[in-house]
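This report walks through a few local features, one at a time. Please look over the sequence and the structure first.

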Amino acid sequence: MAHDDPAGSEEQATPYRPNALLRWVYRRFFAHIRVDESWSTKVRESARRGVVVYVMRSISILDFLCLDFLVKRFGLPLVRFVNDLGLWILEPFGKGDRRLRLRRQIPEEEALRQVIVGGQSAQLFLRRPPRLGRAGRKGQELEADLIRTLVVTQRELDTPILLLPQTFVFSMRPPQPKPSVVDFLFGPVEWPGRVRVLFQFLLNYKNAKLRSGEPFDLAEFIGQHTDLTDEEIADKVRYALLRRMERERTVVLGPRKKTVGRMQEELLRSPRVQKPIESEMRTTGKSRAAVERKVRRILNRLAARQTPTMIAFLHRVLNWVWSRIYDGIVIDEEGMERLREAMRDGAVVLLPSHKSHVDYLVLSYVLYEHALSPPLIAAGENLSFWPLGPVLRRGGAFFIRRSFKGKKLYAALVDAYVRKLLVEGSPIEFFLEGGRSRTGKLLPPKYGLLSMVVDNALKLNARRVAFVPVSIGYERVVEERSYVHELGGGEKEREDVGGLLRTPKILRARYGRLYVQVGEILRFEQIRAEALEPGDDPRTPLTPRRRRALVQRLAHRVSHEIDRVTVVTPAALMASALLVHRKRGISRGELTQTAQELVEALAARGARVATPILDAEGRLRDDTRDQALALFLDARLVSTPGEGEEPIYAIADERRIALEYYKNNILHFFVASAVIATPVMRSASNCVALEELREAARRLSRLFKYEFMYRADAPFDEIFEESLARMVKDGELRRGDDGIGLGKRGGRVALYASMLHTYVESYRLALLALAPGEEPTKREWVKRALTLGQRLYLAGEIELRESISKPRLLTALTALRDHGLVRFGPEDRVATVPDEASRREELGDWLESLLP
């Protein structure tokens, strides 16, 4: 028999040796293939545990050659067997040579068994590609059941067989809704024939990717299914492997795309849309046809039309733009792997911070770079103008209105569209803050769209949904000048073509580094379980009150995660060090010392400090300091007046508000300490009784609750005790019989207190701007407050120019309403509460006592 031929067995055990031409192809083309960072580690660990079998979907000569190159390049277990590739006399592992010599072939089942028993690795393809002229979407079954051979062989071995699903991606084009002529001739995108695979590779070889699934332990699976036959086990294993590889492809390419017309038809047939259509018919008296035409118009303006061509075009353009304006993008690689795992499991909802219009592009760019399907992004209708709107729509944006108030049909369509995206597994991205933060801090969450997603997730029990907090940070934002204009009381500039025409000015500036960090991924099933009371049936629907509480808890956890993983950039650190210094100028030495104190405090709080900031000994690097200061000098945020060996850095009063934006990027790390430090520093002896300090800190926390995102997992007293204990441990404060006083490192306490200085001044200004007996509109009140602030600043009653901030005054007004000191009337009018004059005066006096 053929398998008794020793020469044949020896040939079969020899690794594949490509000829000179193929070796050139290896170097010329295959060296560009990108692999998971963890791929080689995963294969080596599997090889230590047992015998490695690389598994792929559809027989492909190109896939075999690519894998052969990669395992040799990374020094991994070499392939000693592969299914018949259809190469006749060119078949590897001695099969072609045996055909050339007219010698009998070893049956594939026996050849595979010999390799596995010998402890060597193999490569298996599970199906054949469709034949020419057939557009089947699942390929063809193989004649030999090699998975069954592995099952039978595994029963003979003590060593486990580890099946490693491998997926090469040569094209980022997702499966299309309708088969084309090309699909008919050369196979569909998801099951391409040999010719299509070759052209996909040649056109995209510089972006080719290898994705690897988790190892499948065959011995463990057999042990868990002792009641099944070998054929039944083989069928289940084959199905599980195909599913894993399909998930990998979906993670990279996204779900199958649907035409706009098909999406509209499916939504129109949905009972969730039919009901509001009937309600609209009754309310307006219009016919069904008229209302449905209106629905189609709304859906046309709403829906994204993401195309791989536009995604690839934007990727190339952004590569060029980023290289012009940024010094690099720093990405949380471990977080991206956690995101990939969440995308394998189900639908993901990406919730990034929102500080710039660049945010719309950054996350899609980063995901595309990491071979992850770019999301569909909820964008405001203000960005749908021509020519930007069509570009963003094809890049994945769907445009929604800022408010759904009084628009029941529109709200129902947005809800149905979001549900459709979740059901089909499309990644969704929207900004929990609603709009861009002009202050540098995270804005309080808006619950509208999140509530829609949660409602739909509650009804989709079979679909796993994960919420992914993402922090996008900048050393400088491109909108810096417009933000300063708005913070000083100017009107928001309308997005239009004029904004695009100013792009060349942006491209001539430098904005430092850009940082993308991923927080803890929140699984919805876990969030829902936490919303239940002990003893509740998990299948019981949540009451409206519990559902609202769940949405709010989720929103605050996301916000807290974004704050937690925000990177401390060199720009944010130096801006903080500059602003906590209260004199007109600061020397380089003193600036460095202050920055060192701050970065040590940040590290103690577990903040993610940008790698370039510290050297190996934990000291602030001079070159990083100088680069950050160079950014500020380039933007004219600071100056170096005068001459001397050591430069003095000064900030013009009108530029302080721009620097405060960057200080606010990391302010949240210090808030818990700052509300304790402020009463201590403003006491006559820098010492406060514990309970007095607790109540002062509680009062400040309540007053500033719309300014900062506090922890949602602990009450105030617990946070207070933890913060106080940390400050005592770090030597910043001391506990004594006389109360809480300054410790050996009390200088830090002064730095913390300085960080809240502008907030105290702003809230005091808000109180002073109230006029009993008058009821101005908010707009009129803000104008009055800003004018009053300028006068008080010139008179020296307000120390810091950045305290005169429009967004902060409006937030202060909301806080005063919550304290019952003002009320909002019709037409957005502001009125003082007549009986609370003494409380307003007392609050103003108390705030004044907290100022230096």
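How many of the eight residues of strand β4 (residues 121-128) are buried? Seven of them are, and the strand is mostly covered.

## Ground rules

This is a predicted model, in which local features need pLDDT of at least 70, side-chain atom pairs count only at pLDDT 80 or more, and totals for chains, interfaces and linings use all residues. Residues are numbered from 1 along each chain as its sequence is written, and side-chain values use heavy atoms, leaving out hydrogens and water.

Helices (H or I, at least four residues) and strands (E, at least two) are DSSP runs, numbered from the N terminus. Buried means under 20% relative accessible area, exposed means over 50%, and partly exposed is in between (1.4 Å probe, protein chains only).

## Strand β4 and its partners

Two strands pair if DSSP finds at least two bridges between them. Strand β2 (residues 51-58) runs parallel to β4, joined by five bridges. Val55 has Leu124 of β4 as its bridge partner.

Strand β3 (residues 79-82) also pairs with β4 in the parallel sense, over two bridges. Here Val79 stands opposite Ser121.

## Strand β11, an enclosed strand

Strand β11 covers residues 376-380. Five of its five residues are buried, so the strand is largely enclosed by the rest of the structure. Leu376, Ala378 and Gly380 point one way, while Ile377 and Ala379 point the other way.

β11 runs parallel to strand β13 (residues 428-429), with two bridges between them. Leu376 faces Ile428 of β13. Four bridges pair β11 with strand β12 (residues 397-400), again in the parallel sense. Gly380 stands opposite Ile400 in β12. From β11 the chain passes through helix α18 (residues 388-395) to β12, in a right-handed β-α-β crossover. Right-handed means that, with the strands pointing away from the viewer, the path from the first strand over the helix to the second runs clockwise.

## Loops worth a look

The loop between β11 and α18 holds Pro387. A cis peptide bond joins Trp386 to Pro387, with omega at about 5°.

Leu443 sits in the loop between β13 and α20 (448-459). Its relative accessible area is 21%, so Leu443 is partly exposed. Leaving aside neighbours within four places in sequence, Leu443 is in contact (heavy atoms within 4.5 Å) with Glu433, Gly435, Arg436, Ser437 and Met709. Leu443 and Leu432 are eleven residues apart in sequence, and their C-alpha atoms are 8.6 Å apart.

The loop between β24 (822-825) and β25 (829-832) contains Glu827. Asp828 lies in the loop between β24 and β25 too. Phi of Glu827 is positive, near 60°, though the residue is not glycine. Asp828, also not a glycine, has a positive phi of about 60°. Glu827 is exposed, at 63% relative accessibility. Asp828 is partly exposed, at 41%.

## Two crossing helices

The axes of helix α30 (residues 671-682) and helix α33 (residues 746-755) come within 7 Å and cross at roughly 105°. That makes α30 roughly perpendicular to α33. Axes are lines fitted to C-alpha atoms, for helices over the stretch in contact, with angles from 0 to 180 degrees between N-to-C directions. Roughly perpendicular covers 65 to 115 degrees.

From α30, Ser673, Ala674, Ala677, Thr678, Met681 and Arg682 make the contact. From α33 come Val749, Ala750, Tyr752 and Ala753. Seven of the contact residues are nonpolar, two polar and one charged. Ala, Val, Leu, Ile, Met, Phe, Trp, Tyr, Cys and Pro count as nonpolar, Asp, Glu, Lys and Arg as charged, and the others, Gly among them, as polar.

Technical notes: Angles under 35 degrees count as roughly parallel, over 145 as roughly antiparallel, 65 to 115 as roughly perpendicular and the rest as oblique.
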